[in-house]
2 protein chains.
Amino acid sequence: MIGVDWGTTRCRAYRMHNRVLIDRRDSDAGTLALAPSDFPAALRRLVDSWLSDGEDRVLLAGMVGSRQGWVEAPYVPCPVSLPLLAQSVIAVPFSGASARLVPGVAGHDATGAPEFMRGEEAQIFGTDITTGIICLPGSHSKWVAVTDGRIVEFSTHLTGEAYAALRQHTILARSMRGASVDLTAFDAGVARSGESGGVLHHLFGVRALALADRLGEAAGESYLSGLLIGHEVRAALGPPPAAVHVIAATHLADLYARALRACGATVHAWPDDTAALGLCRIAEAASWS
Amino acid sequence: MIGVDWGTTRCRAYRMHNRVLIDRRDSDAGTLALAPSDFPAALRRLVDSWLSDGEDRVLLAGMVGSRQGWVEAPYVPCPVSLPLLAQSVIAVPFSGASARLVPGVAGHDATGAPEFMRGEEAQIFGTDITTGIICLPGSHSKWVAVTDGRIVEFSTHLTGEAYAALRQHTILARSMRGASVDLTAFDAGVARSGESGGVLHHLFGVRALALADRLGEAAGESYLSGLLIGHEVRAALGPPPAAVHVIAATHLADLYARALRACGATVHAWPDDTAALGLCRIAEAASWS
């Protein structure tokens with residue numbers, strides 16, 4: 001089967017055989033770059049040779065199922081298990097293969113505030129975690145509580161997008177010079193996030209440290225990154241001893257693992273292509289006609 | 001005498017007689033819009049008729065004394081009293097009047113992290129507060145502890161600039177539609193800032209509430225404003241019962257007062273032209289030759 005994790009800025013296609021990933025293709029034709037009528041051709045461009053090889057099932061997940069995507073799939077309300085998600089896949093009109101779409105998940109955070117996910121559910125069910133806390137870092141980081149194989153509660157943090165906006169569009173831009181990651185500065189940012197004053201004060205502190213010649217321009221971005229990830233982790237982390245599963249590409253996973261350990265948590269790292277196995281399992285449970 | 005509060009985006013000139021404000025002129029020729037050689041002409045344009053009337057002393061404060069300003073004035077380290085500040089004014093070359101510049105103040109926050117101010121010191125010494133907490137809201141809000149007539153400690157918060165960057169350059173822009181202030185939404189944002197999850201999670205919540213049809217587009221900006229001001233106030237406020245002096249233009253002062261009262265503080269509001277009297281007092285203490 002073919003699994004596709006189709007987000008706003010990237011489209012990742014996986015070819016699976018007996019639950020093993022045998023090929024993958026990436027494209028930057030994210031949903032933001034496509035009109036609804038563009039999706040069939042974009043999918044065909046990416047997986048045409050696999051279809052010619054005989055693949056006849058395609059399961060899609062992610063923002064492709066949003067109102068701005070190909071076909072809008074309703075949200076399934078929490079608690080959500082893999083069988084419930086599989087029962088709720090919807091058909092997508094696509095010639096040349098049987099195509100279906102995984103719905104999103106609607107839930108709430110610990111205070112009862114509304115939350116939504118599209119795509120992360122495939123990553124979550126690609127792990128063998130039945131009970132635990134899963135962190136999926138990114139532009140919109142998600143922290144997900146899974147109990148007895150069900151997604152029960154989650155919260156989204158604007159961390160990645162806030163980093164980009166603050167780094168480019170505030171006075172902090174003057175203290176930044178595109179440079180390689182400075183882990184000492186990252187750690188200093190994480191440590192600062194544990195002090196009093198609040199994140200809005202700590203943010204101005206990036207500028208004040210630079211004015212005081214205590215933060216070099218080359219270290220500014222890493223310090224800011226550590227500050228924001230540190231604030232996210234401290235706010236999201238439960239009381240110690242906490243164990244957190246992190247699903248992300250290596251670079252981001254390493255930074256989050258570093259911040260988590262600095263905050264006293266134990267970390268289990270998962271590769272970011274867990275979505276491939278998750279889509280495979282959902283397809284198997286979907287009793288595809 | 002003439003007092004000038006010259007910031008990055010605005011220049012405010014005050015004509016004072018016997019400590020009474022008798023005239024004022026504003027210009028948008030902030031320091032960011034001027035090269036060092038532009039300052040004398042910009043000042044003359046603003047106050048020429050007052051000089052013709054016989055005014056012969058001009059005292060400047062604000063970013064005009066920064067490295068990117070007219071003449072760089074060094075920072076005076078905390079604790080800083082009005083007499084110490086007056087002793088430290090420096091001469092500025094300007095034909096037609098005796099011009100001087102108030103230095104900035106260098107200090108630290110409660111954790112010992114470096115802090116700087118330029119201009120707020122004139123506002124602070126324009127009040128009759130000898131001991132108390134002063135909040136000066138803005139792009140870079142300042143919270144200042146004054147004891148026995150001395151500025152002893154302060155912290156800066158990136159609140160106003162973070163609001164603008166997040167409102168325009170993240171997914172939150174989709175939930176905003178320029179509209180008048182919605183006080184109910186502002187209060188809801190302030191209340192949310194008191195719940196668990198952290199500001200980065202609460203920020204994404206603005207989008208989630210909109211997706212859940214629980215926050216109208218016309219209310220998005222006010223909710224975001226309440227959220228950020230609420231987080232600033234809660235992080236900066238000491239243990240209750242707290243009393244805070246707020247120095248700001250009416251619109252911003254009203255919002256901060258509202259947030260402060262929601263967080264249990266007592267509020268004393270001061271007009272934003274306290275800088276005029278502060279400059280007058282500094283000039284008197286400066287034993288101007």
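Helix axes are lines fitted to C-alpha atoms over the stretch in contact, and angles run from 0 to 180 degrees between N-to-C directions. Helices (H or I, at least four residues) and strands (E, at least two) are DSSP runs, numbered from the N terminus. This is a predicted model: local features need pLDDT of at least 70, side-chain atom pairs count only at pLDDT 80 or more, and totals for chains, interfaces and linings use all residues. Residues are numbered from 1 along each chain as its sequence is written, while chains are lettered from A and ligands numbered from 1 in the order in which they are written.

**Helix packing**

- Helix α5 (residues 183–192) of chain A packs against helix α7 (residues 217–236) of chain A at an angle of about 35°, and their axes are 7 Å apart.
- The crossing of α5(A) and α7(A) is right-handed (the near helix is turned clockwise from the far one by less than a right angle).
- On the α5(A) side, the contact residues include Phe186(A), Val190(A) and Arg192(A); on the α7(A) side, they include Tyr223(A), Leu227(A) and Ile229(A). Contact means C-beta atoms, placed from the backbone, within 7 Å.
- By class, the α5(A)–α7(A) contact has nine nonpolar, five polar and two charged residues. Ala, Val, Leu, Ile, Met, Phe, Trp, Tyr, Cys and Pro count as nonpolar, Asp, Glu, Lys and Arg as charged, and the others, Gly among them, as polar.

**Chain A overall**

- Chain A has nine helices and 15 strands.
- Its C-alpha atoms fill a box of roughly 65 × 40 × 30 Å along the principal axes.
- Buried residues (20 or more other C-beta atoms within 10 Å of their own, with C-beta atoms placed from the backbone) make up 51% of the 289 residues in chain A.
- Of the contacts in chain A between residues at least 6 apart in sequence, 66% join residues at least 24 apart.

**A three-stranded sheet**

- The open sheet in chain A runs β5-β9-β10, with mixed pairing. Strands pair if DSSP finds at least two bridges between them.
- β5 (75–77) and β10 (114–117) of chain A are the edge strands, each pairing on one side only.
- From one strand to the next, the twist averages 30°.
- β5(A) pairs with β9 (residues 104–108) of chain A in the parallel sense, over three bridges. Here Pro77(A) stands opposite Ala106(A).

**Backbone exceptions**

- Most residues other than glycine have a negative phi, and most peptide bonds are trans.
- A cis peptide bond joins Cys78(A) and Pro79(A), with omega about 0°. Pro79(A) sits in the loop between β5 and β6 (80–81) of chain A.
- In chain B, the bond from Cys78(B) to Pro79(B) is cis, with omega near -5°.
- Asp213(A) has a positive phi, near 55°, and lies in the loop between α6 and α7 of chain A. Asp213(A) counts as exposed (12 or fewer neighbours) because it has 8 C-beta neighbours inside 10 Å.

Note on methods
Two residues are in contact if their C-beta atoms, placed from the backbone, lie within 7 Å.
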